[in-house]
Amino acid sequence: MSFIGKVYLVGAGPGNPDLITVRCLELLKQADVVLYDRLANDELLKFCPDSAELIFVGKEPDKHPVPQEEIIKILIDKAKKFKNILRLKGGDPYIFGRGSEEALALLNEGIDFEIIPGITAGIGASAYSGTPLTHRNLVTQSLFITAHESPEKNESQIQWELLAKLKNTTLVVYMGASTLKWTVEKLISQGMKPDTPAIIVQNATMSSQRQFYSSLFNLPEIVEKENIKPPIITIIGETAAFSDRLNWFQRKPLYGKKIVCTRAEDQSSSLTNFLDQNGAIVINFSVIKTRLKTPEQSLKRTLAKNYDWIIFSSENGVRYFFQLLYCENLDSRQLSHSKIACIGKETAKMLKDFGLIADFIPSSFTSSVFVNEFIESIKMDDLILRVKGNFQKDLILETLLEKGFNVEPIQVYSIEKKIPDNTLFKKIINDKADAYLFTSSSTVNNFFQVFGNDQALKLLNESRVFAIGPVTRDTLYRYNVKEIIMSETYSIEGLGNTIIQYFSKI
Ligand code: SAH
């Protein structure tokens with residue numbers, strides 16, 4: 001049998017998508033087929049080409065997992081037809097991941113393979129909880145064990161009596177929360193000191209990570225009291241005591257805070273990243289989406305008028321404007337006659353990504369400040385192009401027209417309502433969020449439409465509500481939202497900093 005393909009057994013790291021390897025990313029981008037488990041973060045799949053076939057082979061709730069033989073059969077079958085087959089595994093493929101079984105089976109069939117290591121959950125849990133696995137003069141060895149064995153099994157493969165007596169050792173235990181009680185009993189009955197320091201790390205390296213420091217003896221009680229669900233790693237040994245000082249992840253300003261972000265789905269990444277980097281559990285709840293709108297007249301003809309100024313007031317405006325330009329096979333040289341004004345930092349940054357530096361940015365990022373300062377910088381007979389979306393009210397356009405300026409609008413995108421999927425809906429209703437963020441009036445309007453007025457108001461009034469600026473805040477007030485915290489400077493960065501300041505005070 002001849003195979004055209006190669007199988008890559010790839011470690012996808014411990015859960016946080018930022019912790020994959022460069023090689024893993026490279027392979028994801030050129031995958032023809034991807035077989036993935038539950039523990040390999042689904043978010044990684046967005047790097048795959050649209051044409052890639054994605055096959056879930058993990059265990060779904062209430063269902064049996066795809067048997068190992070079946071996985072191997074799929075790999076063999078795909079290797080006959082495709083070039084790059086990725087077998088994505090949580091953590092590292094050779095640590096409790098059955099990667100070696102798959103590699104041996106591939107070898108048997110004569111299929112070419114490569115192994116790409118990943119950060120295993122135990123290493124991730126160690127770094128992110130502040131529990132070093134070795135420490136000079138204290139711990140000289142570390143053992144990775146799995147205790148998935150059932151307590152009924154008479155002959156254990158684990159030599160508990162040896163493990164319990166090891167000195168200067170850190171034990172890294174991979175297993176579900178239910179077998180922990182039995183493991184602790186075994187270790188203590190074989191002579192390990194009940195007051196040995198230990199730590200449970202749940203959802204290691206992810207924003208939802210929780211960690212619980214305890215003595216070995218108290219571990220089972222903590223699991224019950226704190227309702228700890230898998231996946232967990234338990235680290236047992238003297239260095240667990242370091243975690244109260246080395247717990248850098250837990251000390252992030254927004255650690256453990258559930259924050260609902262309501263921006264447009266294609267626009268939320270800078271805010272999401274900022275919150276994520278500061279430790280928040282971000283729930284992206286996009287209630288709007290934007291779409292390119294082709295104007296009646298070509299951009300080439302519009303720009304032939306040689307506008308003196310072009311005004312952009314959002315990242316979307318810039319992005320869609322350039323998309324249109326490129327569609328007509330044009331580039332930024334078409335703007336060489338014009339000066340560029342933009343409303344804020346994010347828009348200016350987006351312009352820079354397209355190679356343009358804004359000539360005018362107001363001192364404060366609201367439409368009214370923009371207009372007041374902008375008219376000081378221009379001549380009465382300047383010809384101005386206002387790039388915009390399909391919003392009904394456009395303060396910038398209206399005020400400039402009122403004041404007699406020569407301004408023409410061009411609509412390059414439209415904002416549409418987006419109905420989020422059902423699981424997200426339930427998540428928002430059932431898991432109480434610590435904060436809701438609104439970055440435009442359209443997200444507010446659609447949030448109330450999507451949930452209905454009563455439900456939306458209840459959700460918001462029971463949480464904290466942050467608005468990017470006065471226009472968004474006033475829209476929230478119109479819906480009777482009681483307390484609104486407004487960003488000090490009207491930008492994504494400003495909003496992020498306001499949130500951090502707020503939560504560090506309470
Ligand atoms: N090959 C994987 C391990 C697979 S065994 C690796 O190298 O990490 C599955 C066990 O890994 C789970 O029962 C749990 O103990 C552990 N695990 C995986 N991801 C985890 C995470 N993010 N947090 C805590 N434990 C995790």
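Figure 1. In strand 4, Ile 85 is the bridge partner of Val 7. Strands are DSSP runs of E with at least two residues, helices are runs of H or I with at least four, and both are numbered from the N terminus. The view is taken from a predicted model, in which local features need pLDDT of at least 70, side-chain atom pairs count only at pLDDT 80 or more, and totals for chains, interfaces and linings use all residues. Residues are numbered from 1 along each chain as its sequence is written, and side-chain values use heavy atoms, with hydrogens and water left out. Strand 1 (residues 6-11) runs parallel to strand 4 (residues 84-89), and six bridges link the two; strands count as paired if DSSP finds at least two bridges between them.

Figure 2. The strands follow the order 3-2-4-1-5 and pair in parallel. Strand 3 (53-56) and strand 5 (112-116) each have a single partner strand, so one side of each has no neighbour in the sheet. On average, neighbouring strands of this sheet are turned by 15 degrees against each other, direction ignored; the axes are lines fitted to C-alpha atoms, and angles run from 0 to 180 degrees between N-to-C directions.

Figure 3. Strand 14 (residues 309-312) joins strand 15 in the parallel sense over four bridges, and Phe 312 has Cys 342 of strand 15 as its bridge partner.

Figure 4. The shell around the ligand holds 20 residues, of which Pro 14, Asp 92, Ile 95, Thr 120 and Ile 232 come nearest; a residue is near a molecule if one of its heavy atoms lies within 4 Å of it. The shell comprises 13 nonpolar residues, six polar and one charged. Nonpolar here covers Ala, Val, Leu, Ile, Met, Phe, Trp, Tyr, Cys and Pro, charged covers Asp, Glu, Lys and Arg, and the others, Gly among them, count as polar. Domain 1 (6-119) and domain 2 (123-249) each supply at least three shell residues, with domain bounds coming from an automatic or database domain assignment.

Figure 5. A nitrogen atom of the ligand lies 2.7 Å from a backbone N or O atom of Ile 95. For Met 175, a polar backbone atom is 2.9 Å from an oxygen atom of the ligand. An oxygen atom of the ligand is also 2.6 Å from a backbone N or O atom of Ile 232. The protein buries 90% of the 550 Å² that the ligand exposes when taken alone, with accessible areas from the Shrake-Rupley method and a 1.4 Å probe. Strand 7 (169-175) and strand 10 (232-236) are the elements that give two or more residues to the shell.

**Figure 6. Backbone geometry in two loops.** Pro 230 and Pro 231 are joined by a cis peptide bond, with omega about 0 degrees. Pro 231 belongs to the loop between helix 7 (219-225) and strand 10. Phe 96, in the loop between strand 4 and helix 3 (99-109), has a positive phi of about 45 degrees although it is not a glycine.

How values were computed
A polar contact is a pair of N or O atoms within 3.5 Å; within protein, one must be able to donate a hydrogen and the other to accept it, and residues adjacent in sequence count only if both atoms are side-chain atoms.
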